[in-house]
Amino acid sequence: MEWKPSRVLQLFGSIIAIAFTTGSLVHAQVQLKYRYEPGQTRYYELKQTLGTVSHVSDREITNHIAQHLQIATTVNEVEKDGSAVLAKSIVRVQMEATQPGSDEPMTYDSASGNEATGPFGMIANTLSSLVKKQILITVSEQGDIRKVDIPQELLQQFSGNGPGLTGLNTPEGVEKMLSQGSVIFPDKTLNVGDQWTRNMSTELPFGKMNSTIVFTYAGRTKDGLDRINATTKISLEPKPGSPFQVQMKASDGEGVYLFDTRRGCILASGLKQTMNLELSAIGQKLEQTVTTDISMRLVNPNQTAQGPK
């Protein structure tokens, strides 16, 4: 399947369009819960595009890297309290990135059987090593991950010191990647306008990135989908002794999640974040704008027992 990073933006736009064109919202009390059935398998497409615009010596330099993951989730067992053990695996990885000095982007597809090289290869091959490896996740009805079991061969790979994608070559990084596009619901009845918060942090070479997501229940659409709006704020804590410093000048983000109570799962989601950064090292400063688009959708939702088409 041919794809381009622009399709990620189009998908995000379509999710926003759905949210604002499904007519009036029903103002009713609801309690949102995920539903799991033993043996059930669902397939999702997770797409992420990272774009940067840098200003160096009066020159503007743009770069992008896009990844498209096909993820399978199988319910292994369901506990009495409604929680479940899920087997998650990446079925396929496709990537594209700008290439210095060339108009042709670098591309990678795990289905081709070829390895990528150079810095781009470090990212692509890290993701490729996860293909068809089952990771067991115990998750509650609210979507809160309680336990993650990673195969021993992957644990040996996740030393955190070897080459790879920063933040991903750790068990915590894999958990965050596989949970993108999902929401942890509060264990209570929700009214329109009710809010709840999720805080996350990521260790980076230059410090710690802290993210706060504020979710707002926006009501039920005429199509029976529950809409959750989201806004994000990001801050940075500098790492003492780092050879370069990164200062967050501004950040904002917004997104939409559409939950299908009949199936008990997220049908689609989209989140867009923008950060304005100032990087400094050896007396030099660099201004950079980073834009991230993340979208997820359930593939062929009426037939979840087969692979994506």
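This is a predicted model: local features need pLDDT of at least 70, side-chain atom pairs count only at pLDDT 80 or more; totals for chains, interfaces and linings use all residues.
1. Leu 271 has Ile 294 in S12 as its bridge partner. The two residues belong to an antiparallel pairing in which 14 bridges join strand S11 (residues 265–281) to S12. Two strands are taken as paired if DSSP finds at least two bridges between them. Helices (H or I, at least four residues) and strands (E, at least two) are DSSP runs, numbered from the N terminus. Two residues lie between S11 and S12 in their hairpin, and Ile 282 in the turn has a positive phi of about 50°.

2. Residues are numbered from 1 along each chain as its sequence is written, and side-chain values use heavy atoms, with hydrogens and water left out.

3. Confidence is expressed as pLDDT, the predictor's confidence in each residue, from 0 to 100. The chain averages 80, and 78% of the residues score at least 70. Confidence is lowest in H1, with a mean of 44, and highest in strand S9 (residues 225–238), with 92. Over residues 160–167 the pLDDT is below 50, and this stretch has twelve contacts in the model beyond near neighbours in sequence. Residues 302–309 also stay under 50, and for them the model has 13 contacts beyond four places in sequence. Contact here means heavy atoms within 4.5 Å.

4. The overall composition is as follows. The chain has four helices and twelve strands. Of its 309 residues, 45% count as buried, where buried means under 20% relative accessible area, exposed over 50%, and partly exposed in between (1.4 Å probe, protein chains only). Among contacts with a separation of 6 or more, 61% are between residues 24 or more positions apart. The accessible surface of the chain comes to about 15,800 Å², and carbon and sulfur atoms account for 49% of this area. The areas come from the Shrake-Rupley method with a 1.4 Å probe; for residues, only the protein chains shown count as cover.

5. Strand S1 pairs with both S2 and S12. S1 is joined to strand S2 (residues 59–78) by 16 bridges, the two running antiparallel. With strand S12 (residues 284–298), S1 pairs in the antiparallel sense over twelve bridges. Thr 49 stands opposite Ala 66 in S2, and its bridge partner in S12 is Asp 293. Leu 46 has Met 296 as its bridge partner in S12. The S1 and S2 hairpin has two residues between the strands, and Ser 57 takes a positive phi near 50° there.

6. Thr 52 is also found in strand S1. This residue is buried, with a relative accessible area of 15%. Apart from neighbours within four places in sequence, Thr 52 is in contact with Ile 61, Thr 62, Asn 63, Gln 288, Thr 289 and Val 290.

7. Rings of Phe, Tyr and Trp (its six-membered ring) pair if their centres lie within 6.5 Å; planes under 30 degrees apart count as stacked, over 60 as edge-to-face and the rest as tilted. By this rule there are six aromatic pairs. Tyr 34 and Phe 259 have ring centres 5.4 Å apart and planes at 85°, so this pair is edge-to-face. The pair links distant parts of the chain, 225 residues apart: Tyr 34 lies in the loop between helix H1 (5–21) and strand S1 (41–56), and Phe 259 in strand S10 (residues 245–260). Tyr 34 is buried, with a relative accessible area of 10%, and Phe 259 counts as buried at 1%.

8. Phe 259 also forms an edge-to-face pair with Phe 185, at 5.0 Å centre to centre and 75° between the planes. Phe 185 sits in the loop between helix H4 (171–178) and strand S7 (195–204), 74 residues from Phe 259 in strand S10. Phe 185 is buried, with a relative accessible area of 3%. Tyr 34, Phe 185, Trp 196, Phe 215, Tyr 257 and Phe 259 form one aromatic cluster.

9. A further backbone point concerns Lys 132, which has a positive phi of about 65° although it is not a glycine. Lys 132 is found in the loop between helix H2 (118–128) and strand S5 (135–139). The residue is exposed, with a relative accessible area of 70%.
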